[in-house]
Amino acid sequence: MEKFFKFRENGTTPGREVVAGLTTFFAMAYIIVVNPTLLSETGMEWGAVFLATIISAVIGTLVMGLVANVPYALAPGMGLNAFFVYTVCYSMGFTWQEGLSMVFICGLFNILITVTKIRKVIIRAIPSSLQNAISGGIGIFVAYLGLLNVGALTFDSGVPALAVFDSAALQLFLIGLVLTVVLLVLQVKGAILIGIVITTLLGIPMDVTVTSETIGFFEACQQLPATFCAIFTSEGLPSLFGDLSRLPLVLTTIFSFALSDTFDTIGTFIGTGRRTGIFSETDEEAMVSTPGFHSKMDRALFADATATSIGAIFGTSNTTTYVESTAGIGAGGRTGLTSVVVALCFAASAFLASFVSAIPFAATAPALVVVGVMMLSAFREIHWDDFVEAVPAFFAGVFMALCYSISYGIAAGFIFYCITKVCKKEAGKVHPVLWVATGLFLLNFVLQVVLPM
């Protein structure tokens, strides 16, 4: 394994990688039940989506681990699945087969821009100040995600406020948060994973750790044919392009899927890979200067791109790199063995769904909060006393958490970076690719107004 994963070169050990893999899996295991529950609202079979979720996660994460040798996990993305259900199917009136067809095309588009190195050129075009802002912003986003998942924040009447900690789940979250912080301060090995496990066990007598009602593996297998390759039936791709009057709306929706998917992944890789050494500057230079897939970043982006189309074939919305991978990276994961462990856990969950679903948000939220704290160190590299640099950094870093979208945070950062450079008469210093990316973001916002989604 040393020769394949290069543990010494990456400053890690097999044991640490296994712990990191388990940590990442527990942090994102909720998707196994949440995704089919959400997508089944469109009329899709729960069991079919359940298996599609697991299969896409296993394949995508294995490719990420074995081909790219990086510690990232993939699964159908939260946010994108909600967009699929409530916007594409409910608001726009597309069938779920047509929705999956658009996801499939989105995946093909991402493969195209990965093979042609467009995605990698975009990463190279982002200035260091924005890269550091994205890194710190991912930290805020991850911590915010943890607080929202457990319900520590409320929005009664549209006003954000701290929740009243009168429920067992919130009390368990506080216990888990204090426990995890103490373990990290004492530098206990595997502190984050230990925190998740102990908090989950403490949740049993508190009636917070409870199993969900799910169907069995064999029943799910019987339902899988309902979604498998549904995009290639008459109700899929042929139906999607059968009515030319809908073509502008179809293309706009695919564009929105692709833009969000692309920049969510870029943000995650930049936010976690650079500061931990998973992706080095030398690696990024190689990915642009040499043909083929010779760098880790090349292979990681390709794994992410192919996972979306594979997931659509089996019957789920966009499969993407999970920001919860930061939990495993925070636990020391640096190689593909972390991803392999996550993939194996997902495979086992097909038979143990009721037990996996018992892991409460109260147990995983503390892990996300403390990992978010770790990532905030990137902000110290930003010259906050320089207003020209601080404005785009603020929007790229803080705004992504406020609007609950990595890609929107990046969009706001790009837009204000271009504005400040124009005002300083330094527009020529903005990379052409950054201008194009900013223009695409603006186009997306305009299309959302002209063609309401």
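A search of the whole structure finds 7 salt bridges, where a salt bridge is a side-chain nitrogen of Lys or Arg within 4 Å of a carboxyl oxygen of Asp or Glu. The model is a predicted one, in which local features need pLDDT of at least 70 and side-chain atom pairs count only at pLDDT 80 or more, whereas totals for chains, interfaces and linings use all residues. Residues are numbered from 1 along each chain as its sequence is written, and side-chain values use heavy atoms, with hydrogens and water left out.

| Pair | Closest N to O distance |
|---|---|
| Arg246 and Glu98 | 3.1 Å |
| Glu426 and Lys429 | 3.8 Å |

Arg246 and Glu98 form a salt bridge. Arg246 lies in the loop between α12 (237-240) and α13 (247-276), while Glu98 belongs to helix α6 (residues 96-115), so the pair ties together parts that are 148 residues apart in sequence; helices here are DSSP runs (H or I, at least four residues), numbered from the N terminus. Glu98 counts as buried at 4% relative accessibility, where buried means under 20% relative accessible area, exposed over 50% and partly exposed in between, with a 1.4 Å probe and protein chains only.

In the bridge between Glu426 and Lys429, Glu426 counts as partly exposed at 21% relative accessibility, whereas Lys429 counts as exposed at 61%. Salt bridges that share partners join Lys117, Lys120 and Asp298 into one network.

Lys117 in that network has a positive phi of about 70 degrees although it is not a glycine. Lys117 is placed in the loop between α6 and α7 and is buried, with a relative accessible area of 13%. Lys6 has a phi near 60 degrees, again a positive value in a residue other than glycine; Lys6 lies in the loop between α1 (2-5) and α2 (14-28) and is partly exposed, with a relative accessible area of 39%.

Of the 19 residues of α15, 15 are buried, so the helix is largely enclosed by the rest of the structure. Gly315 follows α15 and has a positive phi near 120 degrees. Just after α8, Gly151 takes a positive phi of about 80 degrees.

The largest nonpolar core has 53 residues, and those with the most contacts inside it are Met64, Phe263 and Phe414; a nonpolar core is a set of buried Ala, Val, Leu, Ile, Met, Phe, Trp, Tyr and Cys residues joined through side-chain atoms within 4.5 Å. Helix α8 (residues 128-150) supplies the largest share of this core, 7 residues. Apart from it lies another core, of 29 residues, including Ala29, Trp46, Ala73 and Phe346.

The structure holds 25 aromatic pairs, counted when ring centres of Phe, Tyr and Trp (its six-membered ring) lie within 6.5 Å, with planes under 30 degrees apart called stacked, over 60 edge-to-face and the rest tilted. The rings of Trp46 and Phe50 have their centres 5.5 Å apart and their planes at 15 degrees, so the pair is stacked. Trp46 is buried at 18% relative accessibility, and Phe50 is buried at 0%. Phe83 and Phe257 form an edge-to-face pair, 5.0 Å centre to centre with 90 degrees between the planes.

How values were computed
Helix = DSSP H or I, 4+ residues; strand = E, 2+ residues; numbered from the N terminus.
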